[in-house]
Amino acid sequence: MLNEAEFDLLREAFAEALKAREGGDHPFGAVLADSDGRIMMRQGNGYRAEGQDMTAHAERVLATRASKAHRPEFLATCTMYVSAEPCAMCAGAIYWAGIGRVVYGQSEAALKRQTGAHEENPTLDLPCRVVFASGQRNVEVIGPLLEDEAAALQEGFWKDSA
């Protein structure tokens, strides 16, 4: 289970999601922390900021940035904290970057129930554990955690953003 400092890091991902939402973007956020719990990078969703890029999920963008900055051997010791469970695309990016651990708030299944069939978020309900289990190296996954707090980030957004 997580210690209190790790719950704080998960809430930092929630803060990034809120900042993205307040900036007019989709309410998702991620932070990457080293093995000592120091935040190395932060990222909110970039759908609108990147010109309506459907692939600019916070986790995917952060994994790309991390991969450009660090070698997989180092990233294997790092944890990505995310407001919602990484989708299949993001899980693939996390895997390929070499990040060793993921902690998430809201599950993909709960997100799908909450957002419905919104054209900007056609949720792919495939657990990230399934994606990671298909790989050749282990990615530790912890979640869902603080799901009510995570779900509150999405509340009302998808009805208002169409």
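**Close-up views of a predicted model**

**View 1. Helix H2 against the sheet.** Helix H2 (residues 58–69) lies across strands S1 (29–33), S2 and S3, and runs at about 145° to S2. Helices (H or I, at least four residues) and strands (E, at least two) are DSSP runs numbered from the N terminus. Contact denotes heavy atoms within 4.5 Å. Axes are lines fitted to C-alpha atoms, for helices over the stretch in contact, with angles from 0 to 180 degrees between N-to-C directions. The model is predicted: local features need pLDDT of at least 70 and side-chain atom pairs count only at pLDDT 80 or more, whereas totals for chains, interfaces and linings use all residues. Residues are numbered from 1 along each chain as its sequence is written, and side-chain values use heavy atoms, with hydrogens and water left out.

**View 2. The open sheet.** The order S2-S1-S3-S4-S5 describes an open sheet of 5 strands with mixed pairing; two strands pair if DSSP finds at least two bridges between them. Strand S2 (39–44) and S5 stand at the edges with a single partner strand each, so one side of each has no neighbour in the sheet. On average, neighbouring strands of this sheet are turned by 15° against each other, direction ignored. Strand S3 (residues 79–84) and S4 run parallel and are joined by 5 bridges. Tyr81 stands opposite Val103 in S4.

**View 3. Packing of H1 and H7.** The axes of helix H1 (residues 4–22) and H7 come within 10 Å and cross at roughly 10°. The two helices, H1 and H7, are therefore roughly parallel to each other; angles under 35 degrees count as roughly parallel, over 145 as roughly antiparallel, 65 to 115 as roughly perpendicular and the rest as oblique. From H1, Arg11, Phe14, Ala17, Leu18 and Arg21 meet Glu149, Ala150, Ala152, Leu153 and Gln154 of H7. By class, this contact of H1 with H7 has 6 nonpolar, 1 polar and 3 charged residues. Ala, Val, Leu, Ile, Met, Phe, Trp, Tyr, Cys and Pro count as nonpolar, Asp, Glu, Lys and Arg as charged, and the others, Gly among them, as polar.

**View 4. The salt bridge of Arg11 and Glu149.** Arg11 forms a salt bridge with Glu149, with the closest N and O atoms 2.7 Å apart. Arg11 belongs to helix H1 and Glu149 to helix H7, so the pair ties together parts that are 138 residues apart in sequence. A salt bridge is a side-chain nitrogen of Lys or Arg within 4 Å of a carboxyl oxygen of Asp or Glu. Arg11 is partly exposed at 32% relative accessibility, and Glu149 is partly exposed at 34%. Buried means under 20% relative accessible area, exposed over 50%, and partly exposed in between (1.4 Å probe, protein chains only).

**View 5. The salt bridge of Arg101 and Glu140.** In this pair, Arg101 forms a salt bridge with Glu140, the closest N and O atoms being 3.5 Å apart. Arg101 lies in strand S4 (residues 101–106) and Glu140 in strand S5, so parts 39 residues apart in sequence are tied together. Arg101 counts as buried at 15% relative accessibility, whereas Glu140 is partly exposed at 38%.

**View 6. Surroundings of Leu146.** Leu146 lies in the loop between strand S5 (140–142) and helix H7 (147–154). Leu146 is partly exposed, with a relative accessible area of 22%. Leaving aside neighbours within four places in sequence, Leu146 is in contact with Phe7, Leu10, Arg11 and Phe14.
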